[in-house]
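This report goes through a structure one feature at a time. The sequence and the model are shown first.

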Amino acid sequence: MSAKLEKIGADLAKARAKAKEWDSRAKKLEAQYKEQENLEICSVTHSYNLTPDQLAKLLEIAKTMPPESVQAQAAINESMNMNEKEEDEPNED
């Protein structure tokens, strides 16, 4: 083999090793990103003190309309207001 071919082969091997390293790093960062994203979603969800049923209802409403629409925002606000009213009303038991 020629010296030039050996050099190119060595560079190729280094490049492949770096590619594997970067691929592994990218996968780890993707997992960290997803984990942090899920934590933030849970945090926001818990801050509204919604029951699982209320959250499911809210997500169904949001799924049927684009998030940017005024109607979707109004539905979300109405759902949040219903939750606050339920908490404010005294229990008649």
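## Lys7 and Asp11

Lys7 is exposed, with a relative accessibility of 53% (exposed means over 50% relative accessible area, buried under 20%, partly exposed in between, using a 1.4 Å probe and protein chains only). Its side chain meets that of Asp11 in a salt bridge, 3.2 Å from N to O (a salt bridge is a side-chain nitrogen of Lys or Arg within 4 Å of a carboxyl oxygen of Asp or Glu). Asp11 is partly exposed at 36%.

Lys7 and Asp11 lie four residues apart in helix α1, so about one helical turn separates them (helices are DSSP runs of H or I with at least four residues, strands are runs of E with at least two, and both are numbered from the N terminus).

## Basis of the model

This is a predicted model, in which local features need pLDDT of at least 70 and side-chain atom pairs count only at pLDDT 80 or more, while totals for chains, interfaces and linings use all residues. Residues are numbered from 1 along each chain as its sequence is written, and side-chain values use heavy atoms, leaving out hydrogens and water.

## Helix α1

Helix α1 covers residues 3–47, and its 45 residues should span 66 Å at 1.5 Å a residue (the expected span is 1.5 Å times one less than the number of residues). The end C-alpha atoms are 65 Å apart, which agrees. After α1 comes Asn49, with a positive phi near 50 degrees.

## Other salt bridges

The whole structure holds four salt bridges. Among them is Asp23 with Lys27, at 3.6 Å between the closest N and O atoms. Asp23 is partly exposed at 41%, and Lys27 is exposed at 53%.
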